[in-house]
Amino acid sequence: MEQNTVEKKGLDTKKKVGIVIGAVLAALLIIYMGFAVYFMNHFSFGTFINGVDVSGAAVEGAKEEIQMAMDNYELTIVERDGSTDTIQGSEFGLTIVWENQLEEQLEKQNAFAWGIQLFASEQLQPEAVISYDDEKLQAAIKELSCMAEEKQIAPVDAAISEYEEGKGF
């Protein structure tokens, strides 16, 4: 009788361990599937579009992130004397005109491979049309310090100088 009790306790312990392992595996599977469902409508971890991190963003959120990067874009002009002027993308209405490129990129993504994306990054460069307001750009260019009339240097016609020994031309 005593041996049956010991065998039964050993069997109960094995059952409990099996139940705990099964519950943990079931919980991990539910979590994995939850993330897979999430990434069916959101970009996976480590996803960059045109250099902008869109990890976890839906298509509309990705568009907003990319537009913020476009607004912060700086066009830097280096002048002859080495000084610089900059124009922000927001000053001349720099935008990307999307059709369905981001939706297509999201459809190509394997939502069930999100675990792999934890350790890798993906650089996407979908084709898009860049748009800007030409009048605003021209106005911003006129406001640059290098465009001030007093900073303008008149061109000089090219000429061949006389040769000087020891100095060259």
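The following is a set of questions and answers on how terms are applied to this predicted model.

User: What makes Glu79 buried rather than exposed?
Analyst: Glu79 has a relative accessible area of 13%. Buried means under 20%, so Glu79 is called buried. Glu79 lies in the loop between β3 and β4.

User: Which residues is Glu79 in contact with, leaving aside its neighbours within four places in sequence?
Analyst: They are Thr84, Asp85, Ser145, Cys146 and Lys151. Contact here means heavy atoms within 4.5 Å.

User: What makes β3 and β4 a pair of strands?
Analyst: Two strands pair if there are at least two bridges between them. Strand β3, residues 74–78, and strand β4, residues 84–88, have five bridges, so the two count as paired. The sense of the pairing is antiparallel. Two of the partners can be named: Thr76 is bridged to Thr86 in β4, and Glu74 is bridged to Gln88 in β4.

User: What is found between the two strands of that hairpin?
Analyst: The hairpin of β3 and β4 has five residues between the strands. Gly82 takes a positive phi there, near 95°.

User: Which residues of β4 are on the covered face, and which on the uncovered one?
Analyst: Asp85 and Ile87 make up the covered face of β4. The uncovered face has Thr84, Thr86 and Gln88.

User: Which residues meet where α2 and α3 are in contact, and how do they divide by type?
Analyst: From α2 come Val59, Ala62 and Lys63, and from α3 come Leu102, Glu103 and Leu106. Four of the residues in this contact are nonpolar, none is polar and two are charged.

User: What makes β2 and β6 the edge strands of their sheet?
Analyst: The sheet is open and has three strands in the order β2-β1-β6, with mixed pairing. Strands β2 (52–53) and β6 (122–124) each pair on one side only, and that is what makes them edge strands.

User: How do you know that β1 and β2 pair?
Analyst: Strand β1, residues 47–49, and strand β2 have two bridges between them. At least two bridges are needed, so the two strands count as paired. The pairing is antiparallel, and Phe48 stands opposite Asp53 in β2.

User: What is noted about the phi of Asn50?
Analyst: Asn50 is a residue other than glycine with a positive phi, near 50°. Asn50 is placed in the loop between β1 and β2.

User: Why is Asn50 called partly exposed?
Analyst: The relative accessibility of Asn50 is 32%. Buried means under 20% and exposed over 50%, with partly exposed in between, so Asn50 counts as partly exposed.

User: Which residues does Ala36 touch, leaving aside its neighbours within four places in sequence?
Analyst: Ala36 is in contact with Ala111, Phe112 and Trp114.

User: What makes Tyr38 partly exposed?
Analyst: Tyr38, also placed in helix α1, has a relative accessibility of 37%. With the limits at 20% and 50%, Tyr38 therefore counts as partly exposed. The C-alpha atoms of Tyr38 and Gln152 are separated by 57 Å, and these residues are 114 residues apart along the chain.

Notes. Residues numbered from 1 in each chain as written. Predicted model: local features only at pLDDT ≥ 70, side-chain atom pairs only at ≥ 80, totals over all residues. Heavy atoms only, no water. Helix = DSSP H or I, 4+ residues; strand = E, 2+ residues; numbered from the N terminus. Nonpolar A, V, L, I, M, F, W, Y, C, P; charged D, E, K, R; others polar. Buried < 20%, exposed > 50% of the residue type's maximum accessible area, 1.4 Å probe, protein only.
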